[in-house]
Amino acid sequence: MSSDRSAFDEMTSASAVRLEATNHDGVLLGKTLSASKYRSGRTKGFAVPDFALGLDLTNHGALGFELPHWRSGGFMPDIVLRPDEDTLIEWKPGLASVICDFWTVQGAPVAADPRQTLKRIVAAYAERGLTVRAAVEIEASVFQESMDQARAQQFQNLTPLGGTAGAALVLAKSPDFMAYTEAVVARFEELGIPWEAWSDEAASGQIEFNLAPADPVAAADLWARVRHVMREVALSLGRSVTFMSKLSAEYGQGSHLNVSVSDENGNIFFDSADADRPSERMLHFLGGVMGSLEASTSFALPTITSYRRLQELEGPPTTQTWGVFNKSCAVRAILAGDSATRLEYRLPAADSNMYQTLSVFLAAGLAGLDDKVTPPPPHQRMAWGLPPGEIARIPSNLYDAIEALEKDTQLRRYLGDEFIDYWIGLRRWEWLSYHTQTERDDEQISVWESIRYFELV
């Protein structure tokens, strides 16, 4: 886009611009600028302290690991929010919104930035003549209490919006539930957010929104903005909403990813000669994914609570398996013709950062394509409730998941040392915080988890 005129100049009513970026925990953060300030620095970016990528969910600095060069010295050096003006929209009258990437003050991309990482892996596909399409399914739970009241109750014993009767896909929902969903959809329409469906989900007060397929970076941008819309609408209606992966003994919350890859001849996952079987290149992609599935777990399940969601027969996968049309597996191959054949990654929890989760899934798949990796055979039975030792299981806690990531070399090859090592440091801080800051019963969801995760993940 021309440096002397931007899309912002066409927004004659906008007197302010909100810069937006996502940290590693998936929190949308940024700052709001006057129109004149934005115009003066939109090409070079705007300084923010390095702790924008260094604070945990309770505003404490993550410590105990080697910091990258852009955080060195311990004196809170600046990094830069640089707007991506392809994402510039009018959020409401008088306010524009733009998604940003993190750069160093020296003008280099921050290699640990989740969005920049996704851009790099998408570019790696493009270098091979490949394009990726991705779609995100978002689950959240909405409660009758306002966020102020929910905080006062330490997020305990909240009242699900829509009541507690029924199961998934129930249409006979109460007016307050419908008022929320209809207000969310109305904001999608105002903002031009492409959505495909919404439905009542399994837990009380739970809802799922299905977003339209897009370029991976655009798909992750939609994920970030949709969650912000859902929070804004809840606050405006005096409700509370959370993307916490497990709130109670009821069903947890996921964020499934759907991915397809194409070349100049079309969808490489579709085999026109044998439409009922995965193509050779789908199998190679799966070979890479399955080879790093264990190492990828901490991105799909990033919090202490994420692992509480791994319950047999409750929906989330518990084993390192893939299968054709098999929803009990971690990865599901969906063979649905040239336009809709895809892979569904079913492990990610609702509290995972889609920029990172997509990056890691695509990096593993690209390794499989490059090296022509053969995956294990598809799992052809239900993958829940299997006898111990029959099939490798998903790591059961954050510590084990991080250990698996540290041993992996494949993801480093495509995503870089800084991205991987910084994430390992942040997750070890998360593990340490839980084990030193609270009286806990590892079998029960703690108040510490609710306070830490309910409002921000």
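## Helices α4 and α5

In this predicted model, helices α4 and α5 are oblique to each other, because an angle between 115 and 145 degrees counts as neither roughly perpendicular nor roughly antiparallel. The angle at which the two helices pack is about 130°, and their axes are 9 Å apart. Helix α4 covers residues 175–191, and helix α5 covers residues 216–236. Their crossing is right-handed.

On the α4 side, the contact is made by Tyr180, Ala183, Val184, Arg187, Phe188 and Leu191. On the α5 side, the residues are Val226, Val229, Met230, Glu232, Val233 and Ala234. Sorted by class, the contact of α4 with α5 holds 10 nonpolar residues, 2 charged residues and no polar ones.

## Helices α6 and α9

Helix α6 spans residues 280–291, and helix α9 spans residues 354–371. Their axes come within 6 Å and cross at roughly 120°. That angle makes α6 oblique to α9. The crossing of α6 and α9 is right-handed.

From α6, the residues that make the contact are Arg281, His284, Phe285, Gly288 and Val289. From α9, they are Phe361, Leu362, Ala364, Gly365, Leu366, Gly368 and Leu369. The contact of α6 with α9 has 7 nonpolar, 4 polar and 1 charged residues.

## The β1–β2 hairpin

Strand β1 (residues 16–22) and strand β2 (residues 28–34) pair in the antiparallel sense, with 7 bridges. One of the pairings sets alanine 16 opposite serine 34 in β2. The two strands form a hairpin with 5 residues between them. In the turn, glycine 26 has a positive phi of about 85°.

## Strands β11, β14 and β15

Strand β15 (residues 342–345) pairs with strand β11 (residues 257–263) in the antiparallel sense over 3 bridges. Strand β14 (residues 331–334) also runs antiparallel to β15, and 4 bridges join these two strands.

## Two loop residues with positive phi

Phenylalanine 325 is not a glycine, yet it has a positive phi of about 55°. This residue lies in the loop between β13 (322–324) and β14. Phenylalanine 325 has a relative accessible area of 47% and is therefore partly exposed, as exposed residues must be over 50%.

Lysine 372 is not a glycine either, and its phi is positive, at about 50°. Lysine 372 sits in the loop between α9 and α10 (398–407). Its relative accessibility is 56%, so lysine 372 counts as exposed.

## Isoleucine 445

Isoleucine 445 is in the loop between α12 (417–437) and α13 (447–453). With a relative accessible area of 25%, isoleucine 445 is partly exposed. The cut-off for a buried residue is under 20%.

Which residues is isoleucine 445 in contact with, leaving aside its neighbours within four places in sequence? They are Met244, Lys246, Leu247, Ser248, Arg308 and Ser450. For lysine 246, the C-alpha to C-alpha distance from isoleucine 445 is 8.2 Å, although the two residues are 199 residues apart in sequence.

Definitions and conventions:
Residues are numbered from 1 along each chain as its sequence is written. This is a predicted model: local features need pLDDT of at least 70, side-chain atom pairs count only at pLDDT 80 or more; totals for chains, interfaces and linings use all residues. Side-chain values use heavy atoms; hydrogens and water are left out. Axes are lines fitted to C-alpha atoms, for helices over the stretch in contact, and angles run from 0 to 180 degrees between N-to-C directions. Angles under 35 degrees count as roughly parallel, over 145 as roughly antiparallel, 65 to 115 as roughly perpendicular and the rest as oblique. A crossing is left-handed if the near helix is turned anticlockwise from the far one by less than a right angle, and right-handed if clockwise. Contact means heavy atoms within 4.5 Å. Ala, Val, Leu, Ile, Met, Phe, Trp, Tyr, Cys and Pro count as nonpolar, Asp, Glu, Lys and Arg as charged, and the others, Gly among them, as polar. Two strands pair if DSSP finds at least two bridges between them. Buried means under 20% relative accessible area, exposed over 50%, partly exposed in between (1.4 Å probe, protein chains only).
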